[in-house]
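Have a look at the model first.

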Amino acid sequence: MMEEFQRIYAQVDLDAVKENVRQIKAVLAPKTGVMCVVKADAYGHGAGAAAAALEELDAVSGFAVATAEEAVELRRKGIRKPVLVLGYTFPYSYEKLIRLDVRMAAFRYDTLEELSRIHMAMRQKDCSRKAKIHIKVDTGMSRIGITPDREGLAFVKKALGTEGIEVEGIFTHFARADERDKSSAQKQYFVFREFLRLLYEETGVDIPIKHCSNSAGIVEMPEANMDVVRPGIILYGLWPSPEVRQDLIRLTPALSLYSRVVYLKEIEKGTPVSYGGIFVAPKRMRVATIPAGYADGYPRGLSNKGYVLIHGKKAPVIGRVCMDQFMVDVSQIPETVMGDQVTLIGKDGEERITMEMLGDLSGRFNYELACDLGKRIPRIYTKDGSVLCTGDGHQVF
């Protein structure tokens, strides 16, 4: 079964993902739920497999995605708990999302009008289900959302009074919670709370689900963990930034990335390696070729900077990372033979390569690195120490 995955594969430990949720839940108030963010294919880890594993946990109240298509895919794979689309949803998707009981972020009047119109049309046919929305409030991100003032209050009142719409939630998003200085995030939280107070005073309505904490907020701003929190990157054992304290919660990286040595050669002093000849052998060297490259999401920025692990030892990347291959120096690993496993991300012996380390070396964000791991990398999912499924997981999800 594993023969088809020799070129490159990512191993995703679903037990690690579930343990990260347990660690998150341990720092929350008992009644605070966990809305797991599985957008961008669960940050490259596989949304269907991750959500299926997480749905088993009582602590998980639902899921958040970025697009209508991501929400539909979760439902197609059998996910039953609530799903919220965090970004703008286009009108073509409204009827399908209502039928699938998917929540939508709302911050435009035309969204309210169109949702109401579609609800009434559906009610005349075969479905009386209301459109459930979470109102997005912009407290400092300057991206999407209503303003936290009387203009924004008018929008909420309109939503509350629009036929066919159920205002289930209201939320905001921190722009700088991953910085050591939390004053900006704390200001956003204060503005959000004041807007909620004004809303209640004017309408008497206490919107059921209020949320604002992202991964960094969960770790370092417990006061902002409201009815639910929205962990994203920490679900997968990665840190939001180096400035976030790492002693308050224990995270386990869920993804490892492996390839194989497919060619070995001896090169003489003065031999250039790869495109552009940016590496020239300073002495006689033993070089291994790895059949992976930037088309798989392995950063070109690791050229002459990165390293892999072979037999638990570091093998430096030499020359430019190509689209589908790159070379490493194995002069100091004489036991290397063709077919040996190569660890690109993960642990081998006493050594470990993390996405944070690769991000630092390549000048890329660890979020970006995880999300860019390509579709041509097969994912192998493990649970309870055994392989649960391979490839896209359609056989079980």
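α7 crosses α8 in a right-handed fashion (right-handed if the near helix is turned clockwise from the far one by less than a right angle, left-handed if anticlockwise). This is a predicted model, where local features need pLDDT of at least 70, side-chain atom pairs count only at pLDDT 80 or more, and totals for chains, interfaces and linings use all residues. Numbering starts from 1 along each chain as its sequence is written, and side-chain values use heavy atoms, with hydrogens and water left out.

Helices here are DSSP runs (H or I, at least four residues), numbered from the N terminus. Axes are lines fitted to C-alpha atoms over the stretch in contact, with angles from 0 to 180 degrees between N-to-C directions. Two pairs are set out below.

| Pair | Angle | Axes |
|---|---|---|
| α7 (150-160) and α8 (183-203) | about 55 degrees | 11 Å apart |
| α1 (14-26) and α3 (47-54) | roughly 55 degrees | within 10 Å |

That angle makes α7 oblique to α8 (under 35 degrees is roughly parallel, over 145 roughly antiparallel, 65 to 115 roughly perpendicular, the rest oblique). On the α7 side, R150, G152, L153, V156, K157 and L160 make the contact, meeting F195, L198, L199, E202 and T203 of α8 (contact means heavy atoms within 4.5 Å).

α1 and α3 are oblique too, and α1 passes α3 in a right-handed crossing. Here L14, V17, K18 and V21 of α1 touch A49, A50, A53 and L54 of α3.

Now for the open space. The largest pocket has a volume of about 630 Å³. A pocket is an open set of points on a 1 Å grid where a 1.4 Å probe fits, with protein on both sides within 12 Å along at least five of seven lines; lining residues have an atom within 4 Å of a point. The volume is the space filled by probe spheres set on the points. Of its 28 lining residues, K39, Y43, R143, H173 and N214 are closest to the centre.

Definitions and conventions
Helices (H or I, at least four residues) and strands (E, at least two) are DSSP runs, numbered from the N terminus.
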